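Visitor: Please put the model on the screen. I would like to go through it by question and answer.

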Amino acid sequence: MSGAEPRTFRSMFISDVHLGSKAAKAEFLIDFLRHHDADIIYLVGDIVDGWRLRRSWHWPQSHNDVVQKLLRKARKGASITYIAGNHDEFARQFQGVHFGGIVVADRAIHETADGKRLLVIHGDQFDTVVHNARWLAYLGDYAYDAAMLVNRVITRLRQVLGLPYWSFSSWAKVKVKKAVNFIGSFQTVLTEEARRSHVDGVICGHIHHAAIESYEDVQYINTGDWVESCTAVVEHFDGRMEILHWAHVLPETPVGSEVLVPIDIKGREVQAA
């Protein structure tokens with residue numbers, strides 16, 4: 001797809017980039033944004049990782065390039081809304097403020113081309129650990145850092161062996177029963193919030209697990225993340241929603257590049273459409 005025109009969608013939803021952390025796959029996101037565009041873009045929380053930046057400063061040029069890429073899309077006319085998450089909760093004090101054409105919000109209502117109303121929210125507001133046991137959330141964050149360190153070691157080894165990218169932390173989620181149960185509970189709580197908000201569905205992030213599912217009359221959509229699964233959700237011009245994987249952007253992957261093998265909640269590889 002080198003030199004090809006980017007695929008254009010009506011709207012695009014990206015979350016959990018975690019700029020400022022070593023786990024952020026900023027180069028992958030830049031590559032994805034180079035090949036995909038949208039009239040409406042939602043940044044669904046945890047775009048910047050304030051928790052890690054407070055511990056130690058990490059901001060390579062690639063992280064700055066992501067910001068510049070998004071600002072450039074705003075200058076070209078894209079409507080961009082930044083939904084604050086728990087890792088970038090500092091942004092919540094700037095609700096309604098515009099930064100370079102990007103407006104900050106705590107939540108938003110998106111109306112699809114086919115008339116559905118979707119609540120757009122990060123989702124941390126419904127994570128009881130984040131709100132009721134903040135120390136445990138921070139402890140979990142350190143544990144997550146350790147898992148991502150293991151992930152990087154495995155990635156390097158697999159590169160040497162010529163094997164595709166494989167996410168240890170994603171694998172752990174689908175294998176550990178408690179993690180699977182948490183994902184299911186999170187989905188249930190978010191769909192209940194959609195019903196309370198009198199909308200047709202919810203688009204969120206937070207748990208780093210991309211999904212599009214229906215719970216009776218409510219559609220649950222999770223954008224995934226850009227530290228493990230490297231996924232985004234897009235809306236086609238007819239209102240159809242779809243999960244896109246960075247690994248499927250290019251038909252061929254250059255030698256030495258990491259290749260993402262996305263998996264579903266049962267650990268099965270997700271095939272490209």
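**Burial, sheets and loops**

Guide: Of the 273 residues in the protein, 49% are buried, where buried means under 20% relative accessible area, exposed over 50% and partly exposed in between, with a 1.4 Å probe and protein chains only. This is a predicted model, in which local features need pLDDT of at least 70 and side-chain atom pairs count only at pLDDT 80 or more, while totals for chains, interfaces and linings use all residues. Residues are numbered from 1 along each chain as its sequence is written, and side-chain values use heavy atoms, with hydrogens and water left out.

Visitor: How many helices and strands are there in the protein?

Guide: Helices (H or I, at least four residues) and strands (E, at least two) are DSSP runs, numbered from the N terminus. By that rule the protein has 7 helices and 12 strands.

Visitor: Which strands stand at the edges of the open sheet of 5 strands?

Guide: The open sheet has the order 6-7-8-10-9 with mixed pairing, two strands being paired if DSSP finds at least two bridges between them. Each edge strand has a single partner strand, so one side is left without a neighbour in the sheet; these are strand 6 (107–111) and strand 9 (211–215).

Visitor: How many residues of strand 3 are buried?

Guide: Strand 3 (79–83) pairs with strand 2 in the parallel sense over 5 bridges, and 4 bridges join strand 3 to strand 5 (residues 102–105), also parallel. Tyr82 in strand 3 is the bridge partner of Leu43 and stands opposite Val104 in strand 5. Strand 3 is largely enclosed by the rest of the structure, because its buried residues number 4 of the 5.

Visitor: What is the relative accessible area of Asp16?

Guide: Asp16 lies in the loop between strand 1 (7–14) and helix 1 (26–35). Not counting residues up to four places away in sequence, Asp16 touches residues including Asp46, His122, His208 and Trp226, contact meaning heavy atoms within 4.5 Å. Its C-alpha atom is separated by 8.5 Å from that of Thr223, 207 residues apart along the chain. Asp16 counts as buried, with a relative accessible area of 0%.

Visitor: What is the phi of Asp46, and what is that of His208?

Guide: Most residues other than glycine have a negative phi. Asp46, in the loop between strand 2 (36–44) and helix 2 (50–55), is buried at 1% relative accessibility. His208, in the loop between strand 8 (201–204) and strand 9, is buried with a relative accessible area of 8%. Both have a positive phi: near 55° for Asp46 and about 60° for His208.

Visitor: Which residues make the nonpolar surface patch of about 330 Å²?

Guide: Areas come from the Shrake-Rupley method with a 1.4 Å probe, and for residues only the protein chains shown count as cover. Phe90 counts as partly exposed at 38% relative accessibility. The patch is made by Phe90, Phe94, Val97 and Phe99.

How values were computed
Patch = residues over 30% accessible without salt bridge, like charges linked within 9 Å, V, L, I, M, F, W, Y side chains within 5 Å. Salt bridge = Lys/Arg side-chain N within 4 Å of Asp/Glu carboxyl O.
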